[in-house]
Amino acid sequence: MHPGWYARFVKSRRCYVNARRLLAKHSAEGALPDLESYVEQRRDASGWRMALEMVQYAGDTHLSDAFLGDALLRQLHDHACDIAAWSEDIVSCAKGLPRKHEANIVTILMRERNVPLECAVSAAGTLVKQSVEAFLATEEGLLLVPDFAADHEVRRYLRGVRDWIAGSVNWLYETQLFLGEKGNEVRAFGWVFIPVPP
């Protein structure tokens, strides 16, 4: 890969380590970040930015500096991270509600909006849906740029990002980590059953 790819990957790894440390610090202090801070931290702490760099590597795509530096691509990556990370946050609640000082989109929404668990899960689902819509609109915006629309490598890369999102969300149902053996049932009904603490 091009040296620029290595630099981007190393930067995303550094951001991952720093964000994990920051979230661990918040948790140890019994503090939750506000929603806006959490969104930024979760994008990095999830490791999904590194995964998005790996999409280019795995596809052996050769992307122009103009494409890689485009603000719309950064937005696309943000939306992709949000979809995957927030979906994981929602599904992880099936194991039980995170401790009140453990950062998760659901617990943050419960606190910030002063709503019960069910409302926070619904709000998180709405945020995921909005991120999917924003991802698609941003992808469309990228393909309106003539140089990008005509570039076969750009189209392959965007397909890879879509496949990565689908794979990460499908994995949530296929692993037994969150839903046990009920992944297919949950996928069919679209519901995540969350044990409510007494």
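Phe67 and Phe148 are both buried, that is, under 20% relative accessible area, where exposed means over 50% and partly exposed lies in between (1.4 Å probe, protein chains only). This is a predicted model, in which local features need pLDDT of at least 70, side-chain atom pairs count only at pLDDT 80 or more, and totals for chains, interfaces and linings use all residues. Residues are numbered from 1 along each chain as its sequence is written, and side-chain values use heavy atoms, leaving out hydrogens and water.

**Aromatic pairs**

- The structure holds seven aromatic pairs. Rings of Phe, Tyr and Trp (its six-membered ring) pair if their centres lie within 6.5 Å; planes under 30 degrees apart are stacked, over 60 edge-to-face, and the rest tilted.
- Trp5 is buried at 5% relative accessible area, whereas Tyr6 is partly exposed at 44%.
- Phe67 and Phe148 also pair edge-to-face, with ring centres 5.1 Å apart and planes at 85°.
- That pair links distant parts of the chain: Phe67 lies in helix 4 and Phe148 in helix 8 (residues 146-149), 81 residues apart. Helices are DSSP runs (H or I, at least four residues), numbered from the N terminus.
- Trp5, Tyr6, Phe9 and Tyr57 form one aromatic cluster.

**Nonpolar cores**

- A nonpolar core is a set of buried Ala, Val, Leu, Ile, Met, Phe, Trp, Tyr and Cys residues joined through side-chain atoms within 4.5 Å.
- The largest core has 44 residues; Phe67, Ile105, Val106, Leu109, Tyr157, Val161 and Trp164 touch the most other members.
- Helices that each supply at least two residues of this core include helix 1 (3-28), helix 5 (71-92), helix 7 (117-143) and helix 9 (152-174).
- Beyond its neighbours within four places in sequence, Ile105 is in contact with Leu35, Tyr38, Trp86, Asp89, Ala124 and Leu127. Contact means heavy atoms within 4.5 Å.
- A second, separate core has six residues, among them Val91, Ala94, Leu179 and Val186.

- Asp60 has phi near 50°, a positive value in a residue other than glycine. Asp60 sits in the loop between helix 3 and helix 4 and is partly exposed, with a relative accessible area of 44%.
- Asn114, also not a glycine, has a positive phi near 55°. Asn114 lies in the loop between helix 6 and helix 7 and is exposed, with a relative accessible area of 71%.
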